[in-house]
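Hello,

Here is the structure you asked for. Please look at it first, then read the notes below.

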Amino acid sequence: MNDYQQFIENVKRKTGIDLSQYKEAQMKRRLTSLYEKRGMKSFQQFFQEMEKDEKLFHEFLDRMTINVSEFYRNAKRWEVLEKKILPKLLEQNRHLKIWSAACSTGEEPYTLAMVVSKLVPLARVSILATDIDENAIARAKIGMYTERSLQELPEEMKRKFFTKEGMYYKIDEKIKRAVTFKKHNLLADPFDRQFDLIVCRNVLIYFTEEAKERLYYKFNQALRPGGILFVGSTEQIFNPGLYGFEMEDTFFYRKIN
Ligand SMILES: C[S@@+](CC[C@H](N)C(=O)[O-])C[C@H]1O[C@@H](n2cnc3c(N)ncnc32)[C@H](O)[C@@H]1O
């Protein structure tokens, strides 16, 4: 077993996180640059140090997860969600069950709540938001953001849903209350069922082809018939039929069976 494979085994034993399901070249590059910066020479040494140093362990988690997010990321897609996808789902079901999978620091599930609230009262939805990274979830629950996370958000939504406190923008309490956060590993934990809408964006790109395909099947099983999977703007599914989906719009897939 080579240095990296041994590291994968050790990390899996320690954390339950299976790095072999993430694209290898990319992950290796990110982690190598971290341990080299800290003066280490191999993955073996990196793991040994991580065992002794909690702070380094958290740095590792931070480096492997990549938490970059933004409100209203890829604005055009959110417009399609608001004008086309949600109205149809709301016709089919009075109460919508929505999942923001790999929600990072909360920008995505809060965007969902804001967009839904333009159409119907928030009592008509439940939004589950999950991520593997507990630190990201803790920040999401605080709900304070800098200008940078809000740059794509239309001005009128910014005014309506945020109050400025010093350098920070604080999210509206009603929006915050509409979202339930939980720790969840997409590659290991069971999925809930009967979702009307699953939003999983900008995380599939980090996974191997095999891991991605398994996830498409699992998302399909987690949706109710007619439910929608909304993916990131570089994450088009090339053969949706293989996984029981048809394309509803660019980056939106409807469960057909
Ligand atoms: C680039 S962020 C995407 C955030 C948001 N979905 C968006 O599009 O703005 C990727 C997120 O995926 C999470 N992640 C990585 N591996 C994961 C896994 N196995 N299960 C759940 N979340 C994971 C990371 O912690 C990170 O918060």
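A backbone N or O atom of Leu186 sits 2.9 Å from a nitrogen atom of the ligand. Please keep in mind that this is a predicted model.

Arg201 also contributes its backbone: one of its polar backbone atoms is 2.9 Å from a nitrogen atom of the ligand. With Asn202, the side chain is involved, and an N or O atom there lies 2.7 Å from an oxygen atom of the ligand. Taken alone, the ligand would expose 610 Å², and the protein buries 99% of that area.

The ligand is surrounded by 21 residues. Tyr22, Ser69, Arg73, Asp131 and Asn202 are the closest of them. Sorted by class, this shell holds nine nonpolar, seven polar and five charged residues.

Now the protein chain as a whole. Its secondary structure consists of 10 helices and 10 strands. The C-alpha trace spans about 55 × 50 × 25 Å along its principal axes.

How does the radius of gyration of the protein chain fit a compact globule? A compact globule of 257 residues would have a value near 18 Å, and the protein chain has 19 Å, so the two agree.

Of the 257 residues in the protein chain, 54% count as buried, meaning under 20% relative accessible area. Among contacts with a separation of 6 or more, 73% come from residues 24 or more positions apart in the protein chain. The accessible surface of the protein chain is about 12700 Å², and carbon and sulfur atoms account for 48% of it.

Regards

Terms used
Residues are numbered from 1 along each chain as its sequence is written. This is a predicted model: local features need pLDDT of at least 70, side-chain atom pairs count only at pLDDT 80 or more; totals for chains, interfaces and linings use all residues. Side-chain values use heavy atoms; hydrogens and water are left out. A residue is near a molecule or strand if one of its heavy atoms lies within 4 Å of it. A polar contact is a pair of N or O atoms within 3.5 Å; within protein, one must be able to donate a hydrogen and the other to accept it, and residues adjacent in sequence count only if both atoms are side-chain atoms. Accessible areas come from the Shrake-Rupley method with a 1.4 Å probe; for residues, only the protein chains shown count as cover. Ala, Val, Leu, Ile, Met, Phe, Trp, Tyr, Cys and Pro count as nonpolar, Asp, Glu, Lys and Arg as charged, and the others, Gly among them, as polar. Helices (H or I, at least four residues) and strands (E, at least two) are DSSP runs, numbered from the N terminus. The radius of gyration is taken over C-alpha atoms; the globule rule is 2.2 Å times the number of residues to the power 0.38. Buried means under 20% relative accessible area, exposed over 50%, partly exposed in between (1.4 Å probe, protein chains only). Contact means heavy atoms within 4.5 Å.
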